[in-house]
Structure formats: structure tokens, C-alpha cells
Protein chains: 2
Amino acid sequence: MISIVPVEGLPEILDGDDLAALIAERADLRGGDVVVVAQKAVSKAEGRVVRLAEVEPSDEARLLAGNEDPRRFEVILRESKRIVRTRPPLVIAETRQGFVCASAGVDSSNAPEAGMVVLLPEDPDESAARVRRGLYELTGADVGVIVSDSFGRPWRQGTTDVAIGLSGIRPLLDLEGERDSAGYELHATVIAIADELAGAAELVLGKTAGIPAAVIRGVDARGVGSGRDLVMPAERDLFR
Amino acid sequence: MISIVPVEGLPEILDGDDLAALIAERADLRGGDVVVVAQKAVSKAEGRVVRLAEVEPSDEARLLAGNEDPRRFEVILRESKRIVRTRPPLVIAETRQGFVCASAGVDSSNAPEAGMVVLLPEDPDESAARVRRGLYELTGADVGVIVSDSFGRPWRQGTTDVAIGLSGIRPLLDLEGERDSAGYELHATVIAIADELAGAAELVLGKTAGIPAAVIRGVDARGVGSGRDLVMPAERDLFR
């Protein structure tokens, strides 16, 4: 059995907050648990926030923006390595961290104040590792940590949460070489368990409920890896 | 808190099996629970299996197949409305049911016998509704049912399970009009909860463990809808 427990009662996260300490006070953790923390909370704690009043939009940003605020598009361009597809005001970009997602992860909902946008963490794996180290020091529990974000998907409606950073977690479960119940080898069956864990946690996080973290127990996802292991290499990607 | 419990001890599913009866005997169900059933089990119970020895490949199938078995590609073509992208031996197709996925959902792993492939259910919503009606008759519990399948994704490595059919489930949670904790409206925040439920269940299903069903408790996903509500309409899809 798997359980997913929301970490309740967290205050609004501010720049400089110690997320591990805030979570450790409110969660009962055991070794092997997976702690999923919403990217928005991580980014705010890391001060990854931009005040649009301080942004001067370039011509390219004005062009992308159409009738929308060009300063937001300027921030999107700064966070992007490459624009993958646009249909104003929608922009799909490859972020500097290597993720392909809408608006390069730049988001104005749940920002600390009006006129602010929240960016992805500079290095989401390092963010996850920092929370993990903090939780270990405070609780003695060796947990895995996932930093999650809501990504849209080609072909399918709605967002699902995926893992953008992780620590102490095996991101992919490769069943190659394992055999199914009839004895046939399961080729090319690689399951993105870190993404499934992030999506499962989203079911209790709730965008409006102010619950930025959850604890999943009962899944053996221990291992090593990076959030970037979940990104399809460009040369294997038919849609980039 | 959410719990996810595997339905253990199910036999190998055969053509004509009553999935609802097999699950009802082994699961403790309550109203509001979500029962996730793997597509492979549903398809086998519905006889959606093709013996490759009985398939005559067309020229188009031979062309697509390259060095692989052209009969498998013939079945893929029959299950497809349209081929979206190919890079032999990989075929991404839009299935007759409207899903965009690898091999039009035609799969040879976990087939009943060698030389057989398993197809998607003809109508996965109707499959879900049938299991739901059966569970209600046998247990009195009004549960939601999701038929799940493992789909690959552009841009990301590995598969996650998604909902291809459902009954008694609200597939999408639309937060438009709701406000975040700072009072700002959350635009365009639609969460694919049925896909997140399917992915969460996958964490206990296990491709090799022979567990084709799981019960999720603690998520209010009651509602109406179709697995097709999770498919991005072609005119809004930037990648089709």
C-alpha cells in the first residue's frame, strides 16, 4: 500500500525560508519516504522571483507578447535556451535547465505579489538535495526529495505534475531484461516513476489549498539520478 | 490522506472474464473510491487480441516495418486513424479511439501467447462503465473506474500511465475562476486528475507483478466525463 499525506499548516513561503525546517516540523518522516515539494515553494524560498516593473522588454519580447504584457515575455526569453513553438500568447520553450515547457516555467499565479513572476529554480536537483540534507539533519530520516512542477503535454488536455529536480530518487525504472508473466522480455519499458510520484503528490497539493509539500510512503524509489534524466535527449525527440 | 492499494491475487485474465467479479472478490470497496484497471487486462477480458499468424501485411505495413515483423505493423495501421510521426521501428499514431500514442496502442508484451498482440479496447469508456456497473451490483459501492495505459510523452523520457477510459470520474479539474492564496485568478489551470490517478496507480500495478488493478481512496474525483476529454483537440494541438 502507498500513502500520500499532505504537509499541512505551512506558512506562505518567503525568500530565505528554510523549507526543510518548515517541513520537518510538520511531517512524520521515515527513511525511504519520498517528499515532494512544489516548485513554486522552492523558487520563492530561493528568491527566484522577478518584479516586472524592473524589466525592460526587448523588441523580440514585444513581438511574442501580442496583446499581453511584454515584460513577462522578456523574462520568458531570458529563461529560455530556445523557443520550441509559439501560438501567441502561448510559448513553448526549452529552459536553460533543459526542460521543454510552457512559458519556460515563468508563472504569475501564486506569485508573492501582483506584478511579480516566479522562475524555475536555477538548479532543481541542487534544490532537492538541499531539502534532503536539511531533512536528514533535522529528523535523521533518509528520504528522497522531488521538486515538482505542473507541465502541459502535447496531445493531451490539462497539466500533470512532473519531477524537475530530485535527490535520492531513481527517476526511471527500466524493465528491460525483466520478463512478463508469460516469460517474454519487456523491451523498451521504461517507467518515469519520478513523474508518476510527482503527479500522485499533486492530488493532495492543490493549487489553491496552500499545501506545497506531500509525503509518499510505500514506494521503493531509492536511487540516484537527476531531473534531467527525465528529459528526452534532443536527438531522440521526434517533437522538438 | 490518499491510499493506493493493489488488488492482489488476480489470475491471468482470459477472454470473457468478468473483471468486476474478479476485482470485487479481492478488494474492499467504498463509495467514492477510484478503481484503476490496466488496459491490458481489460483488452484481454474483451478478447481484443490478434494472432499475428492470421494477419496478411500490406505493402504499407512492410514499408513501415523495416526489419521488424510487418504483420505487427499491419495491425498498427488497422488500429490507426492517422500516422503522426515515424522513425522506424517507432510509429506514433492517432488511434481510431482518438488517442495519440506509440504503435496505436498495439502491444506484444504481456500478450496471452507468443505471436499475439493486444489492442486497445474498442471503447474504453464503455469498458470502464461495464466494470463500474458490475462493481456496484456486486458490492453496492459507487466507485469511479479508470482504464489506464502506459503512454510515452514528447520531450520526456519514460512512460507514465494515463486514463484512456473512465466512468463516474471527472477527468479534468478546472481551476479557472478560483483564486490563489494572494487573491489572483488562476488562469488556464486545468489539472488532468484522471491521468494523475492513473499514474499514481501504476506505482503499485507493476508491469511484471501481475497486478492489473488498484484502489485509490481519499481523492474526490467524482463526476462525469470521457477518456476523450483528456485528448487535446487537434485544432489546439501544436504538435499533431
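## Strand E5 of chain A and its neighbours

In this predicted model, strand E5 (residues 90–95) of chain A pairs with strand E6 (residues 100–102) of chain A in the antiparallel sense, over three bridges. Within this pairing, A:Ala93 stands opposite A:Cys101 in E6(A). The two strands E5(A) and E6(A) form a hairpin with four residues between them, and A:Gly98, which lies in the turn, has a positive phi of about 105 degrees.

Strand E5(A) also pairs with strand E4 (residues 80–87) of chain A, again in the antiparallel sense, and here the pairing runs over six bridges. A hairpin joins E4(A) to E5(A) through two residues. Strand E5(A) is mostly covered, with five of its six residues buried.

## Where the two chains meet

The contact between the chains takes 57 residues from chain A and 57 residues from chain B. On the side of chain B that touches chain A, the elements that give two or more residues are strands E1 (2–6), E4 (80–87), E9 (156–167) and E11 (190–191), together with helix H6 (193–205). The largest share of that side, nine residues, comes from H6(B). Sorted by class, the side of chain B that touches chain A has 30 nonpolar, twelve polar and 15 charged residues.

## A strand pairing across the chains

Strand E1 (residues 2–6) of chain A and E1(B) pair with each other in the antiparallel sense, over three bridges.

Definitions and conventions
Residues numbered from 1 in each chain as written. Chains lettered and ligands numbered in written order. Predicted model: local features only at pLDDT ≥ 70, side-chain atom pairs only at ≥ 80, totals over all residues. Contact = placed C-beta atoms within 7 Å. Nonpolar A, V, L, I, M, F, W, Y, C, P; charged D, E, K, R; others polar. Pairing = 2+ DSSP bridges. Buried ≥ 20, exposed ≤ 12 C-beta atoms within 10 Å, placed from the backbone.
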